[in-house]
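User: I would like to learn how to read a few features in a structure. Could you walk me through them, starting with the surroundings of a single residue?

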Amino acid sequence: MSEITGKWIQVEGQPYEGLWFEFNPDGTFEAQYEPMGIVSSGTYGIEEDQVTMQQTAHTLGFIGEFKGLFEIDGNRLKMAVAEGPGQDRPEDLSKARIYKRA
């Protein structure tokens, strides 16, 4: 589907070090943050540098549309996502979190 396909793990020094997203070729995603026991999943779509995730399951109930921006440079993903469902897409990557390809 896109170069974002695959598993990405948040690098050391980030707020949720070890959080991972796995973007599957069929347009589904899974995410997990083991230290807090949080698991989420849903579907996603890509359009140029924009990612839109429809989160349909989340341990803490954060369900809905999450809009974001991303940039991939080799095995590094920079991704900034709205803090809550239905919020505006970030304007840039200044608050992006950094992930490495697993």
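Analyst: Happy to! This is a predicted model. Setting aside neighbours within four places in sequence, Ser40 is in contact with Phe29, Glu30, Ala31, Gln55, Ala57 and His58. Ser40 itself sits in strand 4.

User: Is Ser40 buried or exposed?

Analyst: The general idea is a cut-off: a residue is called buried under 20% relative accessible area. Ser40 has a relative accessible area of 5%, so Ser40 is buried.

User: Which side chain makes a polar contact with that of Ser40?

Analyst: Look at Gln55, which is also on the contact list of Ser40. The side chains of Ser40 and Gln55 are joined by a polar contact of 3.3 Å.

User: Now the largest pocket: which residues lie nearest its centre?

Analyst: Start with the lining, which has 32 residues; Tyr16, Val81, Ala82, Glu83 and Arg97 lie nearest the centre. The space in this pocket is about 990 Å³. Next, see which elements contribute: strand 3 (28-33), strand 4 (38-47), strand 5 (50-58), strand 7 (76-81) and strand 8 (97-101) each supply at least two lining residues.

User: How many of the lining residues are nonpolar, polar and charged?

Analyst: The lining divides into 19 nonpolar, seven polar and six charged residues.

Technical notes: Residues are numbered from 1 along each chain as its sequence is written. This is a predicted model: local features need pLDDT of at least 70, side-chain atom pairs count only at pLDDT 80 or more; totals for chains, interfaces and linings use all residues. Side-chain values use heavy atoms; hydrogens and water are left out. On a 1 Å grid over the protein atoms alone, a cavity is a set of points where a 1.4 Å probe fits but cannot get out, and a pocket is an open set with protein on both sides within 12 Å along at least five of seven lines; lining residues have an atom within 4 Å of a point. Grid points are joined across faces, edges and corners, and a volume is the space filled by probe spheres set on the points. Helices (H or I, at least four residues) and strands (E, at least two) are DSSP runs, numbered from the N terminus. Ala, Val, Leu, Ile, Met, Phe, Trp, Tyr, Cys and Pro count as nonpolar, Asp, Glu, Lys and Arg as charged, and the others, Gly among them, as polar. Buried means under 20% relative accessible area, exposed over 50%, partly exposed in between (1.4 Å probe, protein chains only). A polar contact is a pair of N or O atoms within 3.5 Å; within protein, one must be able to donate a hydrogen and the other to accept it, and residues adjacent in sequence count only if both atoms are side-chain atoms. Contact means heavy atoms within 4.5 Å.
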